[in-house]
Amino acid sequence: MSDSPSQAAPTDFPAVTPTPAEGAATLTKSAEKKLAKKKENEARLALKAAKAAKAAPAAPAGESKKAKKEKEAKQEEPEFVNTTPKGEKKDLSQPMSSGYNPIAVEAAWYDWWEAQGYFSPQLTPDGNIKPEGVFVMPFPPPNVTGSLHIGHALTVAIQDCLVRWNRMLGKTTLWVPGFDHAGISTQSVVEKRLYKTGVTRHDLGREAFISKVLEWKEDYQSRITNQMRRLGGSFDWNRVAFTMNETLSKAVVETFCRLHEDGILYRANRLVNWCVQLNTTLSNLEVDQKQLEGRTLLNVPGYDIKEKFEFGVITSFAYPIEGSDEKIIVATTRPETMLGDTAIAVHPEDPRYKHLHGKFAKHPFVDRRIPIITDDIAVDMAFGTGAVKITPAHDPNDYDVGQRHKLEFINILNDDGTFNENAGDMFKGMKRFHARVKVVQALKDAGLYVETKDNPMQIPICNKSGDIIEPILKPQWWVNCKPLAEKALERTRAGELLIQPKSSESEWYRWLEGIQDWCISRQLWWGHRCPAYFVDIEGQEQDRNDGKNWVVGRTFEEATANAKKLAGDAKFTLEQDEDVLDTWFSSGLWPFSTLGWPSNTKDFELFYPTSMLETGWDILFFWVARMALLGIHLTGKMPFSEVYCHAMIRDAHGRKMSKSLGNVIDPIDVIQGLDLESLHRKLYEGNLDEREIAKATAGQKKDFPKGIPQCGTDALRFALCAYSGGGRDINLEILRVEGYRKFCNKIFNATKFAMLKLDETFVPEPTAKPTGKESLVERWILHKLNLAAEEINQQLAERNFMNATGAAYNFWLYELCDVYIEAMKPMTDESASEATRKSAQQTLYTCLDHGLRLLHPFMPFVTEELWQRLPRRPNDPTPSIMLSKYPTFDTTYEFPQAEHDFDLVFSAVKSARALAASYNILQNLHVYIRAESDTEAQLFQSQVPTFLALTKNLKSLEVVRNINGVPGGCGSEVLTPTVFVNVLVRGQVDLDGEINKCERKLALARMNLSKIEKVESQADYESTVPANVRLANGDKRRTLQADVELLQHSIDMFTKMK
């Protein structure tokens, strides 16, 4: 994703501005501003380089290093120790520290916010939603599998920004935290840990194993909670949820039973995605498709690392026809499945095989006759030999054929991936991919092998374990999703749900329209056990695969009552299903189960449906769609009115975050900083093997040669929001995060300096409304503050966090710090009048107060720390910035003329700086502003003190009315057709070099002027070109004409000086 123009990867401060395209007819205000900033930056760099060049000779190397170390030792402050008692407000009576220390700034505030109850929803006195409205958002529950990574930090940063913003807008806000038990992932990671000690879950037994998992859950839930707190998330911890706690488990049971009663949930013996490594079924969404372009050798989990098996090929072999010497050739990408073949299909119209209709082939390795059937759906006569082997129990397409022709379904695979007795004595007990090799060899030995060819294909991979998925028959519980999806589609099209960005919306429709039934059974121990019971009726033969022999119940008593209806007067016993439910089944209830459903609680009444759901686009179908399906069916309402899908975080090289690559980043490490050796040590905390650890270590050395620098929470959050502009991927660079720490430092130091201007006698006015007596620069900064507030609110409403952070960043850095704080210095000097000083102070206070509020949703800690140091307005009891009013557009702060006038003045300042730097003039700067109109002359005359304050080393500034007032020997620049900036350079420049420079510029200006004049001279120009473009072209022509005149004058002037 491309960086925002105003927020590219920083080295000093994160800003860069592009140059408009050559020959553009017009520039927007934004583009003009960026271009001017670019020129100023170039001038600043040139000036810095010139100063360095003129610096005194350096001391000897040894002495220099020693002096530097002594200086650093003097500046270094003692390590911060938080002495604030937990939950109490931080004592800020001591002076501010010499520099920004994120660890010190962020200490104590979170505990105080929580202790004060600021994270809980604020209701009216009678317990209802505030008139300003409500904003409720469920937090996507992180898995208790392991600690949070930087992707989770993005989720917290974006969501907490929205929650704090809405809270400051006065709304009742609720952000519910919680955790997901993550059945497969958590059981897998705990089993791996146990395996390292030589113990399996079966050695422990179900109850003891669950106890071990619960220990893991408590440990990692505590770690994740700490991370969420350190990230500043303003969660209501009084409502923390866990998918397996009592309330949410009750919701799961209720949902299972209600869906069964409604005929939507059913039991069937169907093909499932079986993961041998995890020993469980998976939904289609948990299976990735790996593309192979041809023959590929792959490692498979559960086999020796040195073993590789062949994929991406198609093997042809022959079946002998019973009672003749004839053979029929078939082909397969999985030769081992031929042991489960129960038919060979041909097209009914294929003349090659009409004589074989109704006949049988003989299986070469098992005692089985294989019927030759006709099927015009499964067989394409033109593909291959036109004959297709059918394995109904191990292939989805063949399953359908088997159903149509009532074929025998023969399962040849055990759950552990070995072949069972149905595969024959030769292959019984053999692992599936060993059997693949053995089958091909046996076909060769029997003279039935034909050939093996490259075959581009996809193979199904478990996205949890990396194992090759096997389709096998299993009796499972299924949800019929089609009727649920139809309702969700209908409501989405009716406008009940907004999905952003638009790319995610199109995917939403496509997936729901093609939705398949959802297998919710999982062969695990960790999870919600299915509330389903097999009714074993005494004296009857029953099919356990048939759902008619099963009952469900919210309690064992209810299940027993249902079983009595089924068994009649016969005796029976109930056996609860050993399987647990898919994790997504419980998390699909999250928006309403966390509010107390199925009970009609006060929370459910007040806060459901929720306002929005924010998450990564990668779980739009895993989670978001299922919440919509279940929410509509169970509650009658869409569970949220908006879905915003944020980008996926990748490393700086664009690679997916992976533990084995060593690029997974713990947000706490970015907040606190971590050296390289400590990063390496953390690799041993996971389940990586030695080979993976070596690879990850090398990756860390490459990406973080000096470790991860300490950035602080505020800088991390701001950076993550600044990256979020609607794209699908974020290539995260830690150096950019570090750049925003420097921005925090700028805010800290600017506020510290400003506090010196607000002396002990300063008292803010009761209201922030302007008095009407403000100076030009004051009106300008209040106008810019108002524009920033308008822009940030609009961009947050549109969920464009990149633009929102850009507006806040630009106001603070380029308008408040770079301009107003500098410009107000003479206004607060002792020589200034009391009225001038007081007005400047009040404006500064308003800008700091509102500016910190604007930043607070992105940077909660540093803004609270600095805001608490500001005095409060009389009768303002607001205890925390997070409860203060968020600035919005205010018509009393509109000063468009002041903006226009001061922008002109500041453009002249930047032009003078740039000219001085380009001529390498470092001191005794003499500037002449040639203003040809009375209004502009008066404007510049009135702003001489401001000009002096904003221009370093400026010795004199004179405003003149015509070219005769400008002394000879000046370098010049056209600001507008009637305003020119001149810097005296006589005696300080190479005249021939300056003449050459002016001549090059003059040639370019004449060429551009000729282009404009040619366009304007076209016969149909007035009738075909829009008025705004004609106006812009006219302005550009007049500026170029003035430029040509000025450059010619400069050439003449420098020539006379020779």
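Q: What makes a residue buried, partly exposed or exposed?
A: Buried means under 20% relative accessible area, exposed means over 50%, and partly exposed lies in between (1.4 Å probe, protein chains only). The areas come from the Shrake-Rupley method, and for residues only the protein chains shown count as cover.

Q: What kind of model is this, and how are its residues numbered?
A: This is a predicted model, in which local features need pLDDT of at least 70 and side-chain atom pairs count only at pLDDT 80 or more, while totals for chains, interfaces and linings use all residues. Residues are numbered from 1 along each chain as its sequence is written, and side-chain values use heavy atoms, with hydrogens and water left out.

Q: How many of the residues count as buried, and how far does the chain span?
A: Of the 1058 residues of the chain, 53% count as buried. The C-alpha trace spans about 115 × 70 × 70 Å along its principal axes.

Q: How many helices and strands does the chain have?
A: There are 33 helices and 33 strands.

Q: Why is C481 called buried?
A: Its relative accessibility is 4%. The limit is under 20%, so C481 counts as buried.

Q: How many disulfides are there, and how do you know that C481 is in none?
A: A disulfide is a pair of cysteine sulfur atoms within 2.5 Å. By this rule the count is zero. For C481, the nearest cysteine sulfur belongs to C519 and is 11 Å away. That is not within 2.5 Å, so C481 is in no disulfide. C970 is in none either: its nearest cysteine sulfur, that of C998, is 12 Å away.

Q: Is C970 buried or exposed?
A: C970 has a relative accessible area of 1%, so C970 is buried.

Q: What makes R334 and E470 a salt bridge?
A: A salt bridge needs a side-chain nitrogen of Lys or Arg within 4 Å of a carboxyl oxygen of Asp or Glu. Here N to O is 3.2 Å, so the pair counts. It links distant parts of the chain, 136 residues apart. R334 sits in the loop between β11 (327-332) and β12 (343-346), and E470 in strand β18 (residues 470-479). Both residues are buried.

Q: Why do D890 and K769 fall into the classes they do?
A: D890 has 19% relative accessibility, under the 20% limit, so D890 counts as buried. K769 has a relative accessible area of 43%, between 20% and 50%, so K769 is partly exposed.

Q: How many salt bridges are counted, and which residues are linked in a network?
A: The count comes to 49 salt bridges. E254, R258, E261, R554 and E558 are linked in a network of them.

Q: What makes the patch with E894 a negative one?
A: The patch is formed by E790, E791, E798 and E894. Asp and Glu count as negative, Lys and Arg as positive, while His and the chain ends are not counted. Patch residues have over 30% relative accessible area and no salt bridge; like charges are joined within 9 Å, and nonpolar side chains (Val, Leu, Ile, Met, Phe, Trp, Tyr) within 5 Å. A charge is placed at NZ of Lys, CZ of Arg, CG of Asp or CD of Glu.

Q: Where does E894 lie?
A: E894 is in the loop between α27 (860-869) and α28 (896-918).

Q: What makes A108 and N924 stand out?
A: Most residues other than glycine have a negative phi, and most peptide bonds are trans. A108 is not a glycine, yet has a positive phi of about 75°. N924, also a residue other than glycine, has a positive phi near 50°. A108 has 11% relative accessibility, so A108 counts as buried. N924 has 45%, so N924 is partly exposed.

Key: Areas by Shrake-Rupley, 256 points an atom, 1.4 Å probe, with all protein chains shown as cover. Helix = DSSP H or I, 4+ residues; strand = E, 2+ residues; numbered from the N terminus.
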